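Dear colleague,

Please find below the structure that I am handing over to you. My notes on what was found in it follow.

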Amino acid sequence: MESDEGERLPMSRRPEWSDVTPLPQDDGPDPVVLIDYKQDFTETMDYFRAVYRANERSPRALSLTQEAIRFNPGNYTVWHFRRQILESLDADLHEELDFVECIAKSNSKNYQIWHHRRWVAGKLGTDAAIMELEFTKKILSLDAKNYHAWSHRQWVLQALGGWEDELDFCRKLLKEDIFNNSAWNQRYFVVTRSPFLGGLIGMRDSEVSYTVEAIMANSENESPWRYLRGLYKDDIQSWVNDPKVSSVCLKVLSMKSNFVFALSMLLDLLCHGFRPSEEFREAIGGLRTSDSEPLDSDLGKAICHVLQHVDSMRANYWMWRKSKLPVAV
Amino acid sequence: MPLLFYHIRPEAIPKTRYLMGELAADKHVKYIISIEKKKDNFESVVMEHLRMNGAYWGLTTLDLLGKLDAMMEVLFVGGFAGNIGHDPHILYTLSAVQVLALFDKLDVLDIDKVSNYISGLQNEDGSFSGDIWGEVDTRFSYIAVCCLSILHRLDKVDVDNAVNYIVSCKNLDGGFGCTPGGESHAGQIFCCVGALAITGALHHVDKDLLGWWLCERQVKSGGLNGRPEKLPDVCYSWWVLSSLIMIDRVHWISKEKLVKYILGCQDLENGGISDRPDDAVDIFHTYFGVAGLSLLEYPGLKAIDPAYALPDDVVKRIFFAHRHCRSDLSLARRRLLLKLAVVFCN
């Protein structure tokens, strides 16, 4: 079934296709815009149109869809017909997974491939869970942020199971690249949705420690800061009162570099009623450049002032934050 | 199956020399016409299924550049596959409807047939599938809502339920993913915010949180990325900017730096815009670059509607020419008020 493009035998010279009359594309009455397709592609699609119109669900039609997909894996109709043939022939779906994997390696951002893969895995049921997690792992080893692979993985977990090692998988990917926002998102997905972990409240302590460590290693990393906030979803009071949250802000501020997200979180904390100690005031005072004005007595204003300067591209945002500050405590 | 055919008038295009930091408008017109005309070098095989989307990208860009009327006339319309011999898919349906709207030819459609096709794709949880095979994605929610609104048939679907599904895809950072729990992505955010804007449900968006996430997408070069720690790409000038405009937060980014970034991605010799400086140009990025500049109010470009992704005058024509449809009319009024508010903010 494998076709090597270099040695491709034209279909018109293949005996098994001699009974089929190819059906050329009908470009309408007055084709002003003609696409000049490659001849091999045109021929394959002409034969495809013929078997599609005849609704021929045969092994040769199945192999024809394979050739057509290799030419253009984005054609919805070819995939659609292939599924109908697979169903009619009651074909071995494990073989189908191998085929999809082969196509996916060079087209890992193609929507149709992933959709087809999901259809096949859904047919195979829970037995396919481990295989599908392995498959996405392979794709993610080539591109750890592939949106389709993550999406497929989330579907597999929810539809077929396999949650047991998922937190560990996230940990491994984050160890490889702590800036990988997709892996942080997956971590949140697991913590909030895994039937085995006890949800946000059960996981909060250990997750906060993990996240604080990640922040201390790279305080310019946007993802763990957002993750930290997400761990207190619907529980703002715990977030404001948890000393682990305010202290990570303070620690980053005292390092005096890459502190934009720390200042931003501190600003959010203040807006939600956090009462800062003198240490916070001193740390923010330490961020001023020598020629700047004296520290504003309103800590929120002082923070916005610093951010306006160090994050000048978003100066308007920080100015707006300043204008929205609650009355000083 | 009939499809859209348009004729390109063989007019001479003036030759102009452009400097860095200036929009090479005529070159882009020339580039678009050259690829719409002879598709043989238009990655013809790979892009074959996107012929209808390609028409939308190219023609909308021409309209924004003020050249649509001069260059094109529609000869024949109908049909909604990506190309002849392909099955219908909601992706191509929207492009077809948008192209017809551009040419003020929506009346050639069998509107009931199209809207029945779309409403038949809504699932029980409010989501939409892309075709009869059931792939679900918030992209399809946007497409369905946008199409039906343009056709004045939003009443054909359960709008509240459609909104609920989109809201279920909201994340801790205020953004949206393709399905519940999916990572926030600027493209998906555009789809979700756009659908919520069209259905008058923007109150579900945490505008300040999402606005901050979106403006964090601007990187040092001035360009925008689609997710944290990803490279900037001209296409996000559309996805991010339009979302920021819909939630009234576009002044939070540096517009000057973004304009400079987009202009730096032009091919000043042969026209067209690429994803990043010095990469190969394509029609997709040419559209997003010009549409982004239009959102940034770059001089000489027509204004584009951030939710419908069509020129403002086209959107006005759609909603004010059909006074019998009250819900859509009030929506158009709301959108106008929103726009005035944006003007005052800036």
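Helices here are DSSP runs of H or I with at least four residues, numbered from the N terminus. With that numbering, the largest share of the lining of the second largest cavity comes from α9(A), which gives four residues. Please note that this is a predicted model.

**Enclosed space**

The second largest cavity holds about 120 Å³ of space. Its lining is made up of 13 residues, and those nearest its centre are A:N181, A:W184, A:N185, B:L172 and B:D173. Two elements of chain A, α9 and α11, each supply at least two residues of this lining. By class, the lining of the second largest cavity divides into six nonpolar, four polar and three charged residues.

How many cavities of 30 Å³ or more does a search of the whole structure find? The search finds seven. The largest cavity has a volume of about 200 Å³. It is lined by 14 residues, of which A:Y111, A:R118, A:S151, B:E135 and B:D137 are the closest to its centre. The elements that give two or more residues to this lining are α5 (111-124) and α7 (147-160) of chain A. Five nonpolar, six polar and three charged residues form the lining of the largest cavity.

**The second largest pocket**

Among the open spaces, I draw your attention to the second largest pocket, with about 1,000 Å³ of space. The lining of this pocket has 32 residues, and A:R229, B:L172, B:G174, B:D206 and B:L209 lie nearest its centre.

Which elements each supply at least two residues of the lining of the second largest pocket? In chain A they are α9 (181-193), α11 (222-230), α14 (260-271) and α17 (315-323), and in chain B the element is α9 (207-215). The lining comprises 12 nonpolar, eight polar and 12 charged residues.

**Salt bridges**

Over all chains, the structure holds 33 salt bridges.

The side chains of B:E216 and A:R314 meet in a salt bridge, at 3.4 Å from N to O. This pair crosses between chains: B:E216 lies in the loop between α9 and α10 of chain B, and A:R314 in the loop between α16 (299-310) and α17 of chain A. Are these two residues buried or exposed? Both B:E216 and A:R314 are buried.

Another pair is found within chain B. B:D63 forms a salt bridge with B:K302, and their closest N and O atoms are 2.7 Å apart. The pair links distant parts of the chain, with B:D63 in helix α2 (residues 51-64) and B:K302 in the loop between α12 (283-295) and α13 (312-320), 239 residues apart. B:D63 counts as buried because its relative accessibility is 5%, under the 20% that marks the limit. B:K302, by contrast, is partly exposed, with a relative accessible area of 26%.

In chain A, the side chains of A:K172 and A:D168 meet in a salt bridge of 3.5 Å, N to O. These residues are four apart in helix α8 (residues 166-176), so about one helical turn separates A:K172 and A:D168. A:K172 is partly exposed, at 47% relative accessible area, and A:D168 also counts as partly exposed, at 32%.

Finally, A:R8, A:R14, A:D40, A:E43 and A:E67 are linked in a network of salt bridges.

**Backbone points**

A:D90 has a phi near 50°, which is positive in a residue other than glycine. A:D90 is found in the loop between α3 (76-89) and α4 (93-106) of chain A. With a relative accessibility of 67%, A:D90 counts as exposed.

In chain B, E229 is also not a glycine, yet B:E229 has a positive phi of about 65°. B:E229 lies in the loop between α9 and α10 (235-246) of chain B, and at 42% relative accessibility B:E229 counts as partly exposed.

With kind regards

Definitions and conventions
Residues numbered from 1 in each chain as written. Chains lettered and ligands numbered in written order. Predicted model: local features only at pLDDT ≥ 70, side-chain atom pairs only at ≥ 80, totals over all residues. Heavy atoms only, no water. 1 Å grid on protein atoms, 1.4 Å probe; cavity = no way out; pocket = protein on both sides within 12 Å on 5 of 7 lines; lining within 4 Å. Points joined across faces, edges and corners; volume = space filled by probe spheres on them. Nonpolar A, V, L, I, M, F, W, Y, C, P; charged D, E, K, R; others polar. Buried < 20%, exposed > 50% of the residue type's maximum accessible area, 1.4 Å probe, protein only. Salt bridge = Lys/Arg side-chain N within 4 Å of Asp/Glu carboxyl O.
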